[in-house]
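This report goes through one protein model by topic. The sequence and the structure come first, and the notes follow.

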Amino acid sequence: MHWPYVIHQTYNRRANVHDAFGGQRQSGIVTPKGVPGIFIFTGHGGGTVGYQDAFQADGSLRYTGQGQIGDMVMAAGNSAIRDHAISGKDLLVFEQLGKGGGIRFLGLFGCAGWDVQRQPDVTGAERDAIVFTLAPIRETDLEADDLVVEPAPVVDINILRARAFAASAPAQTKQGANSVTLYIRSQDVRDYVLARARGVCEGCSSPAPFATASGRPYLEAHHIRRLSDGGPDDPRYVAGICPNCHRRAHYATDRSAFNAKLQAIVMGLEFQAAD
């Protein structure tokens, strides 16, 4: 899925989101059916009681979940945000610019965690509010991991697999997580996927084209169901592939068929690993 948005550019919500993709027109969390994305609007409360969104110094967004009256529950749009990586959905965050002011695209984010805070609802009554930490996904932070991250220690692959699946979904945290947390979780998934590949591309079955400075075979982690190769994801939907296959998966005329092939290969590998 190629999203037709440019970061910091202004759009019309009705024309550029709902007419194009559907979804709930009045909600701050929009989950259109059959679309690999969740649209999140910060500032949708217009500064009114019940929604207390705030950006942090590291660029992450503390985003109050869905539910106007009474305690919030982890359902509907809230569970969609929490589980977006597992379900293969991108989180697209927009800033609402006031009544009639359009919306500004802030980019793709990942759910790094969530916690419960006491906040007033729209009636002014105190309630438990679910507050997510949404961390911006920066592609440059997620490329060439071997240059910026120490190689994973030699660990039994079953331990790496357990870590990867534990990282697939953000957990409730006492304090909001951040982009560093998201990066570490993503690293857990990539460590396992690349270990699972055992130095051989899961797409074309060719050996890795070269070894990195740390001595590891060079392969790349590709999120089969998502445009961005960032953020934590379910290891059943991430492939360890060579750079050539990675470009093919994103840009080739047969990319849909190729990604379907990758999905079948990875599911087969994970079925064997689960035995």
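## Aromatic residues

One aromatic cluster is formed by W3, Y5, Y11, F21, F39, F41, F94 and F105. Rings of Phe, Tyr and Trp (its six-membered ring) count as a pair if their centres lie within 6.5 Å; planes under 30 degrees apart are stacked, over 60 edge-to-face, and the rest tilted. By this rule there are 10 aromatic pairs. F94 and F105 make a tilted pair, with 5.1 Å from centre to centre and 45° between the planes. F94 belongs to strand β6 (residues 90-96) and F105 to strand β7 (residues 103-120), so the pair ties together parts that are 11 residues apart in sequence. F94 and F105 are both buried. Buried means under 20% relative accessible area, exposed over 50%, and partly exposed in between, with a 1.4 Å probe and protein chains only.

F41 also has a charge over its ring: the charged end of R13 sits 3.8 Å from the ring centre. The rule for this asks that NZ of Lys or CZ of Arg be within 6 Å of the ring centre and within 35 degrees of the ring normal.

## Basis and overall make-up

The model is predicted: local features need pLDDT of at least 70 and side-chain atom pairs pLDDT 80 or more, while totals for chains, interfaces and linings use all residues. Residues are numbered from 1 along each chain as its sequence is written, and side-chain values use heavy atoms, with hydrogens and water left out.

The protein has 7 helices and 10 strands. These are DSSP runs numbered from the N terminus, with helices (H or I) of at least four residues and strands (E) of at least two. Of its 275 residues, 47% count as buried. Among contacts with a separation of 6 or more, 63% join residues 24 or more positions apart; contact means heavy atoms within 4.5 Å.

## Helix α7

Helix α7 covers residues 255-274, 20 residues in all, and reaches 28 Å from its first C-alpha to its last, close to the 28 Å expected at 1.5 Å a residue. The expected span is 1.5 Å times one less than the number of residues. Which residues of α7 are buried? They are F258, N259, L262, Q263, V266 and E270. Seen down the axis of α7, these buried residues fall within an arc of 140°, so they line one face of the helix. The arc is that of the directions from the helix axis to the C-beta atoms. A257, A264, F271 and Q272 are exposed on the other side of α7.

Q263 is located in helix α7 and counts as buried at 16% relative accessibility. Apart from its neighbours within four places in sequence, Q263 is in contact with I224, R225, R236 and Y237.

## Helix α6

In helix α6 (residues 243-251), the buried residues are C245, H246, A249 and H250. Down the axis of α6 they fall within an arc of 135°, so they line one face of the helix. N244 and Y251 are exposed on the other side of α6. The cover over the buried residues of α6 includes β9 (220-223), β10 (238-241) and α7.

## Cysteines

How many disulfides does a search of the whole structure find? The search finds 0 disulfides, a disulfide being a pair of cysteine sulfur atoms within 2.5 Å. C201 is in no disulfide, and the nearest cysteine sulfur, that of C204, is 3.7 Å away. That distance of 3.7 Å between the sulfurs of C204 and C201 is too far for a bond. C201 is buried, with a relative accessible area of 2%, whereas C204 is partly exposed at 35% relative accessibility.

## Loops and backbone

G43 is in the loop between β3 (37-42) and β4 (54-55) and is partly exposed at 36% relative accessibility. G43 and L97 are 54 residues apart in sequence but 7.6 Å apart in space, C-alpha to C-alpha. Not counting residues up to four places away in sequence, G43 touches D53 and Q96.

H8 has a phi near 75°, a positive value in a residue other than glycine. H8 is in the segment before β1 (10-11) and is exposed, with a relative accessible area of 57%. For R198, also a residue other than glycine, phi is positive and near 55°. R198 lies in the loop between α5 (179-197) and β9 and is exposed, with a relative accessible area of 63%.
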